[in-house]
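Student: Can we go through this model together? I'd like to start where the two chains meet.

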2 protein chains.
Amino acid sequence: MPLKVAILGFGTVGASAARILSERNLPGLALTHVYNRNVARKRVDWLPSVIWTEDLDAVLASEADIIVELIGGLNPAHDSVRRALEAGKSVVTANKKLIALHGIELESIARESGGHLLYGAAVAGGIPVIPGLQHGLAGDNITRIEGILNGTSNFILSRMEHGAEYAEELAEAQRRGYAEADPTEDVDGFDARSKLVILARLALGANVSPDEINCQSIRQVGAIDFAYAKDLGCTIRPVARADVRNGNLVALVGPMLVPFNSPLAWSRGTENMVLMSGQYGGDVVFSGHGAGGNPTAVAVVSDLRAIAAGTAPRAVQIAPAAVTGEFELRHYIRFIVKDRPGIVAEIAGAMAAQGINIDSLFQRSGFGKDKLPFVVTTEPCVNSRLKLALARMQNADWQAEPPLDLQILEPEPSVVA
Amino acid sequence: MPLKVAILGFGTVGASAARILSERNLPGLALTHVYNRNVARKRVDWLPSVIWTEDLDAVLASEADIIVELIGGLNPAHDSVRRALEAGKSVVTANKKLIALHGIELESIARESGGHLLYGAAVAGGIPVIPGLQHGLAGDNITRIEGILNGTSNFILSRMEHGAEYAEELAEAQRRGYAEADPTEDVDGFDARSKLVILARLALGANVSPDEINCQSIRQVGAIDFAYAKDLGCTIRPVARADVRNGNLVALVGPMLVPFNSPLAWSRGTENMVLMSGQYGGDVVFSGHGAGGNPTAVAVVSDLRAIAAGTAPRAVQIAPAAVTGEFELRHYIRFIVKDRPGIVAEIAGAMAAQGINIDSLFQRSGFGKDKLPFVVTTEPCVNSRLKLALARMQNADWQAEPPLDLQILEPEPSVVA
């Protein structure tokens, strides 16, 4: 008897998943129910033997063995997934927000009631990061994750590399349907943060809540920053990274300077990329299409197949982790100043007062004296001290605009036998 | 009760796997036996409670639940693995040659006797290509594989990019221990071919035997070819590729021209990389350390964990595939000629006689007339016809050396919704 599958939410991903199931005729799986509001407008003729319904309760009470939750958001997704698991069903979901916020609770229900909770589609869509991690890297002790987990931000930043400003490329992303009218979730890092929370849990065994991780927006990055970054042998990418230092989780989301010879610099357009460093195996990189109906649906169907084949992993117990802001990294700080003598001395003084060493200080020519961009890079320094130094300068009369402070990513040399 | 694990072969990989098991203290797994010839010289004090033995039969007859075969080669590896599976044990192996030649037979024994046969370490060592494929891409229909599957060849070719000749970089690879005294297996493509056979089976469902796939050596590639390739926007990498066209498997191993903007061009040194194209999810790229004791041991231990967790996939039935040499690709042909009038006309005539269109014809300056390299590129043409055209010219008095014929790899645009 094939397992009966009910899809909740027949949008792009739901329709793609149904199409793959129907076209590939996969063993052990039968699509039986499709739930959507106003389901009549969703009905398609290539799914003849499916029950189309607007009655969520009826689907949850049905004989379906697996619920595919593609409604998105928290309500009614959270309640539906919990009820399905409590009823002993398995759940496959692409809902990163739900898993980031409530994954631990839901996995514990799944463990108790004997169902599976799989969410390979929640991180980096079509790239098998979660299965790769759970099956292929299970032998290693993962110590660091770095990823480009939001395609919209990567589209914008990787195109700005060629001289455009943020607003132009945001508009282009919106024209192409990559960015929403309100792009907050993508460009301010919240979408990537949910995914980082999930990866930190699975790869580093660290349980953190999304609001403990600081997000920096890409909105303040300008074309001038790519010019300066280039002088430093770097480009700028939207990075989510996490590692464990002295028992604390160091986790950050935001635009960062990435060396041109780092794999992260190769990713362009809406591509996603995840780099994982293991104690034994060194760096492994996964890349591909992180979003879109079909790639995400591939991850959903792969999870369904794992359940049908009896090869789905059980949730493991995860330890809560303390998140620290006290990490040491190199920084790039771009000031926009009204030029006058003494500015460098003031900056250097504020930095020195916090024990921060300046690594370089440089400016490009061709800008007016009243709005002059120039850049300071620091040696690795404690984040909170740099914030203090910048705060001390924030009301200085020479600051034409607030400075932009970005981390400089330096891949640690990969340790391999 | 943890599963009892016996390691056959305590070389670099075996010792790394034992160390990971011992350091990580993984649940459900207990290392109980180590077999090696002259085992006394292998004994280590950090594995106190293990039986060290030179008696292979005794290990195969022991109560061990899982045999880790790291002897390599075919004899006695083949016989040992078969006997272990017949006895109902599971087997984890890194032996690509064994799996490429006898995997189908061994998987059928595993299916019948209820054991598992896992070989994640046989392809691209520490990169979870096989688990990524079996678990994370199970939802997709994979249509094409392209990979850099041999680190030694990639080390040599990626360094030749900077102007060195083959012999220098082979010597450097040998100095570093990446290449053997007899480098045949690596540089002539046989190692990569075994891995391609395994990937073609798992990703494309095509059962081919290694000797059906043509291997081209990297020995004939010279510094001059990198200079010409650069003029074409390409570099040269050792590529193994397979796809299915009109029901035939098109599979090739050898140095190929790779566009600079292809992910394959990014791979450097001993790195491995695998690109898989799916009908639904588009291109996914995996990269990392394909060899070395620790990365390979990570793959071995990951397979052990999958068996312990009950999440190891069962072997599937695979259909035999016909391999064709009749594929159409663009070609790069580098001639070395004793210059005289009429050569171009002769080449063009031989090509035209086989219906092959010449795409470009060019030469770099600065070479003597008696040993003049020049390059012809073709439009996509049937391989066998090009071979006929080249054969017709092979005895021409103007040929100072045999020509070098390389495929030009053109990534098909990735199809994604």
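Student: Which residue is the bridge partner of Phe286(A) in β13(B)?

Tutor: This is a predicted model, where local features need pLDDT of at least 70, side-chain atom pairs count only at pLDDT 80 or more, and totals for chains, interfaces and linings use all residues. Residues are numbered from 1 along each chain as its sequence is written, with chains lettered from A and ligands numbered from 1 in the order in which they are written. β13 (residues 282-289) of chain A and β13(B) pair in the antiparallel sense over 5 bridges (strands, E, at least two residues, and helices, H or I, at least four, are DSSP runs numbered from the N terminus; pairing takes at least two DSSP bridges). In that pairing, Phe286(A) is bridged to Phe286(B).

Student: Which element gives the largest share of the side of chain B that touches chain A?

Tutor: Contact here puts 46 residues of chain B against 46 of chain A (C-beta atoms, placed from the backbone, within 7 Å). Elements supplying at least two residues each from chain B include α1 (12-24) and α5 (129-136). The largest share, 12 residues, comes from α12(B).

Technical notes
Two residues are in contact if their C-beta atoms, placed from the backbone, lie within 7 Å.
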